[in-house]
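This report covers selected features of one protein model, with attention to its core, its helix packing and a few individual residues.

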Amino acid sequence: YIIDFMNIAIVGTGYVGLVSGTCFAEMGVHVTCVDVNEEKINALREGNVPIYEPGLDEMVLRNHGEGRLDFTTDLISVLDEVDIVFCAVGTPPDEDGAADLQYVLAVARQFGQNIHKYTVLVTKSTVPVGTAKRVKATVEEELKKRGVEIPFDVASNPEFLKEGAAIKDFMSPDRVVVGVESEKAKEMMSKLYRPFLLNNFRVIFTDIPSAEMIKYAANSMLATRISFMNDIANLCELVGADVNMVRKGIGSDSRIGAKFLYPGCGYGGSCFPKDVKALIKTAEKKGYPMKVLKAVEEVNENQKSVLFNKLGTYYKDDLKGKIIALWGLSFKPETDDMREATSLVIIKLLLNAGCTVKVYDPVAMTECKRRIGDIVTYATDMYDAVLDADALLMLTEWKQFRLPSWRVIVKSMKHPLVIDGRNIYDAAEMKEMGVEYRCIGKLR
Ligand code: NAD
Ligand code: UGA
């Protein structure tokens, strides 16, 4: 079996599907991105990228223009030409917190109903252990219904990219994990990823259940580090230590490592919250209680209210009529994604307490309006947001928030109270500028 030029389809043109598809195309692979959402596909065909991800627009346009990246709503029309079909559809939590696999299984059904030759079906979506087995059974069932015997393989290739740094993460990954059960599929996946790994070969081949588990274990470990640091930060405040010093002190131990030790106002996003919940659920189904992860979740829920609690303490819980400015709405910088964002929790708490809320975010304002409408005031820029405010809450560490003019801000605010949810400001400097400064894990 000789694999020459590669032609692949990616089903699900969301964050992961579009970024992976575009990056594979960048490496010379012919990619067709497929989605059921016609509006999205039409927009992409016209060169409009529906998500904000630095560098993505230019790459999509160029690869589309050069004929390596196509968009369609019709998977069936491309199945005969492709060697590999990636499934990158959503796996949102269902009502009890488990991953909802209906979209993944719908793709498997369509695959089984329409392939005519050997093709590999690779799951890139984050799915619980055992899903590949269900995917395989679904395809087999459909082939049986057709009364045909067509060879195929399933594989698992979880994705580890971060929003906001998605292209960099995809183009030079720390590692690529591929779960396979046949030599042929292994060879094809090896070839597909070879261009990304020229300098340092980092494809880790595993069995399929292990690949599925690696994704959840990785996200859960990262979420655990964050909740652990948030707990330590809260304790630092009580005992008079500075969590920034503690972070540096422990992060320089190579066994611990310096990354993902930043305390803050809680983790959000489309993945940590849902994947932690889903792993707890998987374990529960097997009768095993994931005690650590349950605590990770609980700490995170509480951490999302920490800035509001600090505001309450400062104003002795008399918040009615106060004007509060929020900087940062997205769950992290460099994205307009507001899934499980701390801003949504804080806005609710502030409005319930009778505050007027004025918000600013460099890119997530439209997304915020779409989600919550006009229950808050949308500022024209970061300085407009703080006009007459009784406090400024900084929730997302966008670069443009890092070095503002405190002179202008102190003059504009009714009261210069700044509560920093990401520890990006210098306490001594803030004091000098006449700001009442509060942050995470350090007393004034
Ligand atoms: P998304 O919601 O942005 O995109 C999913 C897309 O799939 C949507 O455009 C939807 O219309 C499409 N879709 C649904 N059913 C379909 C079908 N039957 N055929 C064709 N298209 C269909 O989701 P996402 O953020 O890209 O996440 C996808 C998966 O990747 C999830 O399992 C997620 O956990 C995982 N993941 C996400 C990230 C991230 O940073 N967003 C990172 C790693 C892994
Ligand atoms: C995360 C993982 O980092 C990716 O490897 C993974 O592929 C992805 O989930 C996924 O499965 O979808 P992402 O959610 O895009 O990526 O963003 P992160 O940079 O991990 O940040 C997540 C949240 O944690 C943010 O709210 C961020 O502010 C918070 N965080 C991060 C902290 O509070 N402290 C830290 O030290 C790091």
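Which residues in α9 meet which residues in α11? On the α9 side they are Tyr216, Asn219, Ser220, Leu222 and Ala223, and on the α11 side Phe272, Asp275, Val276, Ala278 and Leu279. The model is predicted, and the values below are computed from it.

## Helix α9 against α11

By class, this contact of α9 with α11 has 7 nonpolar, 2 polar and 1 charged residues. Helix α11 spans residues 272-285, and its axis comes within 9 Å of the axis of α9. The two axes cross at roughly 115 degrees. Angles of 65 to 115 degrees count as roughly perpendicular, and α9 and α11 are therefore described as roughly perpendicular to each other. Their crossing is left-handed.

## Helix α9 against α10

Helix α10 covers residues 243-251 and packs on α9 at an angle of about 135 degrees, the axes being 9 Å apart. That angle makes α9 oblique to α10. The crossing of α9 and α10 is right-handed.

From α9, the contact is made by Met229, Ile232, Ala233 and Cys236; from α10, by Val243, Val246 and Arg247. The residues of this contact of α9 with α10 divide into 6 nonpolar, no polar and 1 charged.

## Helix α11 against α12

Helix α11 also packs with α12, which runs over residues 291-303. Here the angle is about 150 degrees and the axes are 10 Å apart. Because angles over 145 degrees count as roughly antiparallel, α11 and α12 are placed in that class. The crossing of α11 and α12 is left-handed.

Val276, Lys277, Leu279 and Ile280 in α11 meet Leu293, Lys294, Val296 and Glu297 in α12. By class, the contact of α11 with α12 has 5 nonpolar, no polar and 3 charged residues. Val276 and Leu279 of α11 take part in the contact with α9 and also in the contact with α12.

## The nonpolar core

In soluble globular proteins, nonpolar side chains tend to be buried together. In this model the largest nonpolar core has 124 residues. The members that touch the most other members are Val11, Cys87, Leu121, Trp327, Leu392 and Leu393. Helix α9, residues 208-239, gives the most to this core, with 9 residues.

What does Leu121 touch, not counting residues up to four places away in sequence? Its contacts are Val85, Cys87, Ala108, Phe111, Val135, Val139, Phe152 and Val154.

Pro128 is found in the loop between β5 (119-123) and α6 (131-146). Is Pro128 buried or exposed? Pro128 has 21 other C-beta atoms within 10 Å; 20 or more count as buried, so Pro128 is buried. Leaving out residues up to four places away in sequence, Pro128 touches Ala99, Glu212, Ala278 and Thr282. The C-alpha atoms of Pro128 and Asp275 are separated by 9.2 Å, although these residues are 147 residues apart along the chain. Ala278 and Asp275 are both in the part of α11 that meets α9.

Val148 has its place in the loop between α6 and β6 (152-156). With 11 other C-beta atoms within 10 Å, Val148 is exposed. Val148 and His116 are 32 residues apart in sequence and 9.1 Å apart in space, C-alpha to C-alpha.

Glu334 has a positive phi of about 65 degrees although it is not a glycine. This residue is found in the loop between β9 (323-327) and α14 (342-352). Glu334 is partly exposed, with 19 other C-beta atoms within 10 Å.

Asn423, another residue other than glycine, has a positive phi near 50 degrees. Its place is in the loop between β13 (417-420) and α18 (427-432). Asn423 counts as buried, with 22 C-beta neighbours inside 10 Å.

## Arg62 in helix α3

Arg62 lies in helix α3, residues 56-65. With 14 C-beta neighbours inside 10 Å, Arg62 counts as partly exposed. The C-alpha atoms of Arg62 and Cys33 are separated by 15 Å, and the two residues are 29 residues apart along the chain.

Terms used: Residues are numbered from 1 along each chain as its sequence is written. Chains are lettered from A and ligands numbered from 1 in the order in which they are written. This is a predicted model: local features need pLDDT of at least 70, side-chain atom pairs count only at pLDDT 80 or more; totals for chains, interfaces and linings use all residues. A nonpolar core is a set of buried Ala, Val, Leu, Ile, Met, Phe, Trp, Tyr and Cys residues joined through C-beta atoms within 7 Å. A residue is buried if 20 or more other C-beta atoms lie within 10 Å of its own, exposed if 12 or fewer, and partly exposed in between; C-beta atoms are placed from the backbone. Helices (H or I, at least four residues) and strands (E, at least two) are DSSP runs, numbered from the N terminus. Two residues are in contact if their C-beta atoms, placed from the backbone, lie within 7 Å. Axes are lines fitted to C-alpha atoms, for helices over the stretch in contact, and angles run from 0 to 180 degrees between N-to-C directions. Angles under 35 degrees count as roughly parallel, over 145 as roughly antiparallel, 65 to 115 as roughly perpendicular and the rest as oblique. A crossing is left-handed if the near helix is turned anticlockwise from the far one by less than a right angle, and right-handed if clockwise. Ala, Val, Leu, Ile, Met, Phe, Trp, Tyr, Cys and Pro count as nonpolar, Asp, Glu, Lys and Arg as charged, and the others, Gly among them, as polar.
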